[in-house]
Amino acid sequence: MAYDYSQYGGVLVALQEKVLTITLNTPETLNAFTGPMHTSMSRIWDDVNDDPDVHVVVLTGVGRAFSAGGNVIAMQKKIGEPDAWDAGMPEARRIVFRMLECDKPVIARVNGHAVGLGATIALLCDIIIAADHAKIGDPHVSAGLVAGDGGALIWPQLIGFARAKEYLFTGDLMTAAEAERIGLINHVVPSDQLDEKVYGLAQRLAGGAMRSIRWTKQTVNIPLRQLAQSMMDLSLSLETQSNLSKDHQEAVSAFAQKRQPNFTGR
């Protein structure tokens, strides 16, 4: 059975020598998430998991960025039409769970900035390799939102609670070098060496004992999956409430008006 990845919108999919590359593909907005891309990322992992021709996945972005995360302009619609927000919540939950449940090794090729949800999906990968010019951060709070779509889940597991809370509370971006230093990512390399590093490792894993690698990943991810079960419903619920907050509206308005937001804590 040949798997048809052409059904997935907002991404490019290519298979070569048992390595499947999934490329986020909205370069005009720095690969910020569109509706089709969000849907694709919530569903593609089932096919990846079941496809016998795929041994390893590389997840990356086209152009200058890995992913800018949420589309701030589109956020105004979700404030005015809460049903549009609510419709995306099952997908948001599914992205996290399906990435953690997929037992194929997934390497994040962070070719540029990974921000918000973009950072989350990079950090949910098994191995994260970034170009030296990339920056990583989760500025949900800067948009008046709860970091509920996976950031609050994965950041503390990688860098500890104290560091994770500082970055999630401030929304600050960090350099790839700093991310490597504190253990948020595995490797940082010069841009011109990114493909060699990523695909060299991908091919090494693809030629490995795949049952053992996949079953090892299943075992390692058990506590992450248990944690997701205990956290994600509440975290998405709280992010949904924050979508209707005055601070979120202020952040979106300030972005549209090219000014600094004036938060009131409401």
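Contact, in these close-ups, means heavy atoms within 4.5 Å. This is a predicted model, in which local features need pLDDT of at least 70 and side-chain atom pairs count only at pLDDT 80 or more, while totals for chains, interfaces and linings use all residues. Residues are numbered from 1 along each chain as its sequence is written, and side-chain values use heavy atoms, with hydrogens and water left out.

**View 1. Tyr5 and the residues it touches.** Tyr5 sits in the segment before strand S1 (11-16); strands (E, at least two residues) and helices (H or I, at least four) are DSSP runs, numbered from the N terminus. With a relative accessible area of 11%, Tyr5 is buried (buried means under 20%, exposed over 50%, partly exposed in between, using a 1.4 Å probe and protein chains only). Skip the residues up to four places away in sequence, and Tyr5 touches Val13, Leu20, Ile44, Asp47, Val48, Asp51 and Val54. Ile22 is 17 residues from Tyr5 along the chain, and their C-alpha atoms are separated by 9.7 Å.

**View 2. Arg64 in its loop.** Here we look at the loop between strand S3 (56-61) and helix H2 (72-80), where Arg64 lies. Arg64 is exposed, at 68% relative accessible area. Leaving aside neighbours within four places in sequence, Arg64 has contacts with Leu30, Asn111, Gly112, His113 and His133. Take His113: it is 49 residues from Arg64 in sequence, yet 7.8 Å away in space, C-alpha to C-alpha.

**View 3. The largest nonpolar core.** A nonpolar core is a set of buried Ala, Val, Leu, Ile, Met, Phe, Trp, Tyr and Cys residues joined through side-chain atoms within 4.5 Å. Helix H3 (residues 82-101) gives the largest share, eight residues. Another core, of 12 residues, lies apart from it, with Val19, Val56, Ile107 and Ala206 among its members.

**View 4. Leu184 and its contacts.**

**View 5. Where helix H5 meets helix H10.** The axes of H5 (residues 151-159) and H10 (residues 222-243) come within 10 Å and cross at roughly 140°. The two helices are therefore oblique to each other. From H5, Ala152, Leu153, Ile154 and Gln157 meet Leu224, Leu227, Ala228, Met231 and Met232 of H10. Sorted by class, this contact has eight nonpolar residues, one polar and no charged ones.

Definitions and conventions:
Axes are lines fitted to C-alpha atoms, for helices over the stretch in contact, and angles run from 0 to 180 degrees between N-to-C directions. Angles under 35 degrees count as roughly parallel, over 145 as roughly antiparallel, 65 to 115 as roughly perpendicular and the rest as oblique. Ala, Val, Leu, Ile, Met, Phe, Trp, Tyr, Cys and Pro count as nonpolar, Asp, Glu, Lys and Arg as charged, and the others, Gly among them, as polar.
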